[in-house]
Amino acid sequence: MVESLRYTRGSLQLLEQRRLPLEIEWIDIRTVDDGWKAIREMSVRGAPAIAIAGVLSLAVELVNGGGGEQFDTAGAAKCFVEERLSYLETSRPTAVNLFIAVKQLKDVVAVEAVRPGADGPSVAMAVVRAAEDMLNEDVRANRMMGGYGAEALMEAAKARGRGGHGKICVLTHCNTGSLATAGYGTALGVVRALHEKGYLNHVYCTETRPYNQGARLTAFEIAMDNMPGTLVCDSAVAALMRSNKVDAVVVGADRIAANGDTANKIGTFNIAVAAAYHNIPFFIAAPTTTIDVDLDNGTLIPIEQRSPEEVTHFRGERVAAELPVWNPSFDVTPAALIEGIITEKGMAPRVSGFQLRTWMLGQDASMHKVTSTEDSVDIGDLAGDTVAVNFKEITPSDAKQYVSSRPHLSIHVGDVESQGEWEVREVGDGNLNYVYIVTGPSGSVCIKQAPPFVRVIGSDWPLSQNRSRIEADALVEQGRLCPHHVPAVLHFDADGKVLVMQYIAPPHVTLRDGLIQGKQYPLLAEHIVLFLSRTLFKTSCIAMGGEEFRQLAKRFSNKELCGLTEQVIFTDPYYQAKNNKHTSPQLDAIVAEIQSNDALKAEATRMKAVFLSKQEALVHGDFHTGSLMVTEDSTFVIDPEFAFVGPIAFDVGKFIANLLMTYFAADGLSRQDGQDRTHQKAWLLSIIESIWKGFKEEFISQWNDAIDSPTEGLCHKLIFSSTKDKGALQALQRDFFRELWTEIVGFAGCVIIRRIIGVAHVADFETIANADDRAACETRALTLAQKLLLDRECLTFRDISDITQAASSIA
């Protein structure tokens, strides 16, 4: 594979790409000035390669200038680095990767310069190490991108009936290979991955006028890699597509706006229009550093105007008539023409358009963070089991430093100078994670860190740290769909497994604590309906296209925590598992009855099968009264670390089960504190009914609206849009909710049994100190739970009112 640069510490050479393919010449880069010139004159090109070349030119200058010894103080080193980085930014105005890399290094130097004992060498070498980390990360990210892209192109082509015999023909534009990056490539990296997997039939590259990067560079790479390829004129693309020789298009990007509009080499827009006309999937492949979340749309992307001589002259001689020249280096392709955006983090989600700003908040790259690989090593893939070999727990004192060293976090707490006033409080409400609240003059943030084990038990119960990535991602996704009821994600550190989010301040309490105190919340049902209906419908296979939905399921693969759920809810309560616990001896008889009831165990197993096999929507996975922070007029849903793409009924059934347990616990709590809970009990039953009825009504309303939207979900507008099709749609909806209802009833029964017999009980019952009173409440709840499981498909529970009436009738 062709190299774009050669680097060892203190030495940098760039391949002079203007000479290719006729000559191979290496340029020595000794200073930032050399790097600036190489970027400006396009000796090096491609947004990722530009960024890496720029920061490495600074690293070389620092090392060869004395390794930091040339600076009297840390402050002098900081000023020098910042000045040289600002100069680098002036080399090319469009490549956002360079600006992000510059910002990263400025952040590094700002933190390093104020560390105790910092000096010139420590500041300089921190910058050098960070630049080298960027080089290594670019190659790794490109290979990840190639894998994701190969799968996406194959699936999109197959969905359109293209790509016979398991191979596809791909068109690409400009140069996005190893010459445009630190190695492997972005869009051409996807083509390479297809070739390596045996999926590539043929690759077509455009000449890419006026600078001919495709003809000079991409064709060169294709030939060097022995890939089956053909060079075509830019103006021949539409004709090539019309001849049915292209199954998919993949190109790179110089900048991507928050809505998905993409700036790339001039001519990209033309290709996207032609692809749309011929129903050919058009993809962007670019690292997340190319996404500029500060730009709402593509109209805000600055477009560089290149020299007229690039069009009018050839080898120094004019070959064009004397006319004015318009020579933009880039054009902007609207997001509506883009099938998908491939990144090293996977496919950017597309639900009613690209929402990259919110998605990026949940990604490590959203913070454009530079970290050393010396501190933590991860094994496994992003969606699998990841365990930090050298996990470093954040202590309360570390929490303060963690926030203060990150300006985008400290702004929520207070000026760095005010650290002496900051307070850190450990919150002991998590069985799995470390949780801290950092408070200062400006407010508070919540820090949550996932250790490689269950926190409450310790290293004897290992647990995947992938749950921290899942939680951050789920908060961003749910926050996008229901922003008024989800805390904002402020920062996610994939290496340290640290999530920093908006602190939900008092008078908010967990819903469970408020209910135990006998409180009622007048807007609770309305808020729950809004959250459940929006998050479950918008992420469902009803609303989303097939490719989007498959990517969502892959992104939220949460096998270890799903396995934990399967064990504690559907398995352990039905035999004498070692972690089981119940109020003994009062419940011994009913527990023995449950564990010997073959019909009951069979129903629990059927519910487990539903949990395992149904992929319907992105569910919270642990939606209960302890997962909500409430006041009388606000509700926030927290802790979605169990999130996965699963059965819609699970979230709804679990929440109904928790409200029923509060209802049954009310009598025991009243006897304990003397508070009359008659009105609260009636209110609990009424909101259980309101939540189900409201959810069903709102879900159907969104379903009906989706028929007229440009989605490719289960209810495609071409099938159900006409008046005569309404009867078929209504019949489909009736069948859907009939099945959903029986699953909700079954899940509710399983959850109640688990919380009384299995591990980790609920405070609603546990707060009742008198064991006889507690057991009496638990017995009533278990009685209903068994009925729910055994009679869920009978006429006993035809609607939610049947459940509330059954609950009120159990003495």
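**Close-up views of a predicted model**

**View 1. K497, a buried residue in a loop.** K497 is buried, at a relative accessible area of 6% (buried means under 20%, exposed over 50%, partly exposed in between, with a 1.4 Å probe and protein chains only). Its place is the loop between β22 (489–493) and β23 (498–502); helices (H or I, at least four residues) and strands (E, at least two) are DSSP runs, numbered from the N terminus. The phi of K497 is positive, near 60°, and K497 is not a glycine. Most residues other than glycine have a negative phi.

A word on the model: it is predicted, so local features need pLDDT of at least 70 and side-chain atom pairs count only at pLDDT 80 or more, while totals for chains, interfaces and linings use all residues. Residues are numbered from 1 along each chain as its sequence is written, and side-chain values use heavy atoms, with hydrogens and water left out.

**View 2. A760, a partly exposed residue in a loop.** Look between α24 (726–757) and α25 (763–766) to find A760. Its phi is near 60°, again a positive value in a residue other than glycine. With 32% relative accessibility, A760 is partly exposed.

**View 3. Two cis peptide bonds.** L20 and P21 are joined by a cis bond with omega near 5°, and P21 sits in the loop from β2 (11–15) to β3 (26–29). The bond from S584 to P585 is also cis, with omega about 10°; P585 belongs to the loop between α18 (559–570) and α19 (588–595).

**View 4. A three-stranded open sheet.** The strand order is β24-β26-β27, and the pairing is antiparallel. β24 (509–510) and β27 (635–637) are at the edges with a single partner strand each, so one side of each has no neighbour in the sheet. Strand β26 (residues 628–630) is joined to β27 by three bridges; two strands pair if DSSP finds at least two bridges between them.

**View 5. The largest cavity.** A cavity is a set of points on a 1 Å grid over the protein atoms alone where a 1.4 Å probe fits but cannot get out, and its lining residues have an atom within 4 Å of a point. The largest cavity has 24 lining residues, with R45, G46, A47, N175 and D254 nearest its centre. α2 gives the largest share of this lining, three residues.

Note on methods
On a 1 Å grid over the protein atoms alone, a cavity is a set of points where a 1.4 Å probe fits but cannot get out, and a pocket is an open set with protein on both sides within 12 Å along at least five of seven lines; lining residues have an atom within 4 Å of a point.
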